[in-house]
Amino acid sequence: MINIQTLIENYQPTEMAVELVKKANIALLAGISGAGKDTIKKRLLQDVTFSDIVSHTTRPPRRNNNRPEIDGVDYHFIDLEQAEQMVKNREFIEAKFVHGTVYGTSVAELQRIYEAGQSAITDIDVQGVAEYEALAPDNISIFLVPPDCQTWLERLKTRYVNDEEFQSEWPKRRDSAIRELKHVLEVPYYHVVINDDLDRAVRVCREIINRGDLFNQKDDEARLAARNLLNDIIKL
């Protein structure tokens, strides 16, 4: 366990992997918990020109939205021994060791999407976006925000069985949201999209992804909404 953690902390992708990240069309969807990135990703994936980057993980499959996770669809499920071998062989673009679990994006997964001529999509945290940005600054990074704090709280609460479960998780969710919003507002590479209407949000995300570098407008209205949301969450 300690060995693989050390390997991941010092992990560097191969030059071939970096070149693949630079030439592939990759859209990174981030957002605070409850912003709707999974729903928007699923809507985008209804378009055959997009393909999901299926990550590898050493955690066991679990139920997600009342259905069991499927190997090769939700994740590529591997054991620690396989993960350690993949790290040693430098088969990942990026890898993380989180609370005893390995998560990683394989070179083979992105190569498959690139060779099919599709745009690669993944939902990812801001740390993962920063890692991709360091490898290839031309990646498309989209940060989704709910329109306001009250809407966010209502959406977030629907994820929990009861209020007691929500309250036990709330401090962690609040702190993560504050940290992520502060980060996004400090760096220049995010397109910020307000998820106030699902159809509109999907349309805007699709336009940003398809137009790539030609789409240079970092929406001021959305950034202002993100700033206001941050201030309101801090007050809670």
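Buried here means under 20% relative accessible area and exposed means over 50%, with partly exposed in between (1.4 Å probe, protein chains only). The model is a predicted one, so local features need pLDDT of at least 70 and side-chain atom pairs count only at pLDDT 80 or more, while totals for chains, interfaces and linings use all residues. Residues are numbered from 1 along each chain as its sequence is written, and side-chain values use heavy atoms, with hydrogens and water left out.

At a relative accessible area of 22%, Glu169 is partly exposed, and its place is in helix α8. Helices (H or I, at least four residues) and strands (E, at least two) are DSSP runs, numbered from the N terminus. The side chain of Glu169 is joined to that of Lys172 by a polar contact of 3.1 Å. A polar contact is a pair of N or O atoms within 3.5 Å; within protein, one must be able to donate a hydrogen and the other to accept it, and residues adjacent in sequence count only if both atoms are side-chain atoms. From Glu169 to Asp138, 31 residues apart along the chain, the C-alpha separation is 35 Å.

Helix α8 (residues 163-186) also packs with helix α10 (residues 220-235), at an angle of about 145 degrees and with the axes 10 Å apart. Those axes are lines fitted to C-alpha atoms, for helices over the stretch in contact, and angles run from 0 to 180 degrees between N-to-C directions. The crossing of α8 and α10 is left-handed, that is, the near helix is turned anticlockwise from the far one by less than a right angle (clockwise would be right-handed). On the α8 side, the contact is made by Arg174, Ala177, Ile178, Leu181, Lys182, Val184 and Leu185, and on the α10 side by Arg223, Ala226, Arg227, Leu229, Leu230, Ile233 and Ile234. Contact means heavy atoms within 4.5 Å. Sorted by type, the residues of this α8 and α10 contact come out as 10 nonpolar, four charged and no polar.

On to the charged pairs: the structure holds 16 salt bridges. A salt bridge is a side-chain nitrogen of Lys or Arg within 4 Å of a carboxyl oxygen of Asp or Glu. One of them pairs Lys88 with Glu84, at 3.2 Å from N to O. Lys88 and Glu84 sit four residues apart in helix α4 (residues 80-88), so about one helical turn separates them. Lys88 itself is partly exposed, at 48% relative accessibility. Another salt bridge links Arg112 and Glu109, with the closest N and O atoms 2.8 Å apart. Both residues belong to helix α5 (residues 107-115), where they are three residues apart, about one turn of the helix. Arg112 is partly exposed at 39%, whereas Glu109 is buried at 6%.

Neighbours within four places in sequence aside, Asp74 is in contact with Val54, Arg67, Pro68 and Glu69.

Another loop residue, Asn139, lies between α6 (126-135) and β10 (140-145). Asn139 is buried, with a relative accessible area of 7%. A polar atom of its side chain lies 3.1 Å from the backbone oxygen of Ala136. Not counting residues up to four places away in sequence, Asn139 touches Val21, Ile26, Leu28, Tyr132 and Glu133.

Arg90 has a positive phi, near 55 degrees, in a residue other than glycine; Arg90 is found in the loop between α4 and β7 (92-98) and is partly exposed at 39%. His99, also not glycine, has a positive phi near 50 degrees. The loop between β7 and β8 (101-106) is where His99 sits, and at 82% relative accessibility His99 counts as exposed.

Note on methods
Ala, Val, Leu, Ile, Met, Phe, Trp, Tyr, Cys and Pro count as nonpolar, Asp, Glu, Lys and Arg as charged, and the others, Gly among them, as polar.
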